[in-house]
Amino acid sequence: MWIYRLAGTNREHPGIPDRKGATIPMAVAQVWKSSKFTIERNQGKTPGTVIFRLSGPFTARDMYGALSPDALRNTFEAEVDDPQALPIHPLHIFDLTEVPYMDSAGLGLIVSHYVRCQDRGVRLVVAGVSARVVQLFEMTKVDGFFPRVATVEAADQV
């Protein structure tokens, strides 16, 4: 971060210089004061159902601060790579009830998991999505990729 003295004052101002040497203020990143990011992987009631329960901000900073890239990837990889060994109606549920915010890295992780699910014949449903995350889905045009439901229990009905 660059620190510049404002002309004619004794104050320092964080910012970056533009082409003429004037200071452009920098945006300060918001730090979430909620719990840290976690992912739980659980088996659902129906055979072939896997529930990924996420909590905390679903951002690159929080994801990779909590888990290594390999650990994160292994969390989402299917235990069975043989499509013939999969149950008849496999289902993955992303429970986002406790996710207040998601950035492009979190969205990218969900979309890449969706693509893997499509390749394996696994349905993906997203449950408990906050209004802020719904806005991200709509803004990036991924809201039509996978069904959204209010609760994990409702996901089996989709």
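Me: Helices (H or I, at least four residues) and strands (E, at least two) are DSSP runs, numbered from the N terminus. In which element does that place Glu 153?

Reply: Glu 153 belongs to helix H5, residues 152-155. This is a predicted model, in which local features need pLDDT of at least 70, side-chain atom pairs count only at pLDDT 80 or more, and totals for chains, interfaces and linings use all residues. Residues are numbered from 1 along each chain as its sequence is written, and side-chain values use heavy atoms, with hydrogens and water left out.

Me: Why is Glu 153 called exposed?

Reply: Buried means under 20% relative accessible area, exposed over 50%, and partly exposed in between (1.4 Å probe, protein chains only). Glu 153 has a relative accessible area of 59%, so it counts as exposed. The C-alpha atoms of Glu 153 and Gly 44 are separated by 9.6 Å, although these residues are 109 positions apart along the chain.

Me: How many elements does the chain have, and in what pattern do they follow one another?

Reply: There are five helices and eight strands. In sequence order they read β-β-β-β-β-α-α-β-α-β-α-β-α.

Me: What makes S4 and S8 edge strands?

Reply: Two strands pair if DSSP finds at least two bridges between them. The sheet is open, with five strands in the order S4-S5-S6-S7-S8 and mixed pairing. S4 (38-43) and S8 (148-149) each have a single partner strand, so one side of each lacks a neighbour in the sheet.

Me: How do you know that S5 pairs with S4 and with S6?

Reply: Six bridges join S4 to S5, and these two strands run antiparallel. S5 (residues 49-55) is also joined by six bridges to S6 (residues 91-98), and here the strands run parallel. Either number meets the requirement of at least two bridges, so both count as pairs. Ser 55 of S5 is the bridge partner of Thr 38 and has Glu 98 as its bridge partner in S6. Thr 49 stands opposite Leu 91 in S6. The S4-S5 hairpin has five residues between its strands, and in it Gly 48 takes a positive phi near 90°.

Me: Why is S5 described as largely enclosed?

Reply: Six of its seven residues are buried, so the rest of the structure largely encloses S5. For the chain of 158 residues, the buried share is 34%.

Me: What makes one side of H4 a buried face?

Reply: In H4 (residues 131-139), the buried residues are Val 133, Val 134, Leu 136 and Phe 137. The arc is that of the directions from the helix axis to the C-beta atoms. Seen down the H4 axis, the buried residues fall within an arc of 155°, so they line one face. Ala 131, Gln 135 and Met 139, on the other side of H4, are exposed.

Me: What do the buried residues of H4 pack against?

Reply: Contact means heavy atoms within 4.5 Å. The buried residues of H4 pack against S6, helix H3 (104-120), strand S7 (123-127) and S8. Just after H4, Lys 141 takes a positive phi of about 65°.
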